[in-house]
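Take a look at the sequence and the model, then read on.

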Amino acid sequence: MIMTDSSRTTWDYEELNYIENTLLRHIKENPGIRYRELLRLSNLSNGVLTYHLALFEKSYRIKVDRNKNNKMTRYYPNDVPTEQTSIIGYIRQDATMQIISFILENDLCSFNEIVEHTKKAPSTISWHLKRLKEAGITSVQYGQYHLYHIKDREMVAEVLHKYKQSFIDKVVDNYTKIMEEL
């Protein structure tokens, strides 16, 4: 918004700069962040956030991953390699991160071992494993038992090492906020 008073115009530019820097910082600190989470963290209105994200995308200041199957959009800093974005999207989900970590640590894992380790319902594990296989993160060796393993162990291990702690911190922070509100 341009106003005739030059001091007001300067303030508007400073405010825009602050909003942009804040959004870019949130995206950098939370690679793979979804729109709603970014909306909550930034305290911006829906329209203002949409406007700035569209500008960032058009100017290639961020990467945007739109998953057409489940209609989910995630935002990444530009320095995250494209081949790592899908892995990050999956490790941001607690159950999927547990599955990936377990398979990475134990290599060939049966379905029952994964269910036992995660303490999740078999149907939940089946759904997550199907998605991980479709994304090309895991593969299955068929035989007497279906054995699951990570396709690119080095890349997945690198992504987990690089980003896992920040995701764990976010889960702990969210839990703490919920408990404080009670």
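Q: Does L160 count as buried or exposed?
A: This is a predicted model. L160 sits in helix α8, which covers residues 153–181. Buried means under 20% relative accessible area. The relative accessibility of L160 is 8%, so L160 counts as buried.

Q: Which residues is L160 in contact with, leaving aside its neighbours within four places in sequence?
A: One place to look is I100, which is 60 residues from L160 along the chain. The C-alpha atoms of the two are separated by 9.1 Å. Contact means heavy atoms within 4.5 Å. With the neighbours within four places set aside, the contacts of L160 are I91, M97, I100, S101 and L104.

Q: At about what angle does helix α5 run to β6?
A: Helix α5 spans residues 94–106. It lies across β4, β5 and β6. Its angle to β6 is about 95°.

Q: In what order do the strands of the open sheet lie?
A: The sheet is built from 3 strands, and their pairing is antiparallel. Strands β4 (109–110) and β5 (138–141) each pair on one side only, as the edge strands. The order is β4-β6-β5.

Q: What is the bridge partner of Q141 in β6?
A: Strand β6 covers residues 147–150. It pairs with β5 in the antiparallel sense, over 4 bridges. In β6, the partner of Q141 is L147.

Q: How many helices and strands does the protein have?
A: Follow the sequence from start to end. The pattern reads α-β-α-α-β-β-α-α-β-α-α-β-β-α. The totals are 8 helices and 6 strands.

Q: What share of the residues in the protein is buried?
A: The protein exposes about 11500 Å². Carbon and sulfur atoms supply 53% of that area. The chain has 182 residues, and the buried share is 37%.

Methods
Residues numbered from 1 in each chain as written. Predicted model: local features only at pLDDT ≥ 70, side-chain atom pairs only at ≥ 80, totals over all residues. Heavy atoms only, no water. Pairing = 2+ DSSP bridges. Helix = DSSP H or I, 4+ residues; strand = E, 2+ residues; numbered from the N terminus. Axes fitted to C-alpha atoms, helices over the stretch in contact; angles between N-to-C directions. Buried < 20%, exposed > 50% of the residue type's maximum accessible area, 1.4 Å probe, protein only. Areas by Shrake-Rupley, 256 points an atom, 1.4 Å probe, with all protein chains shown as cover.
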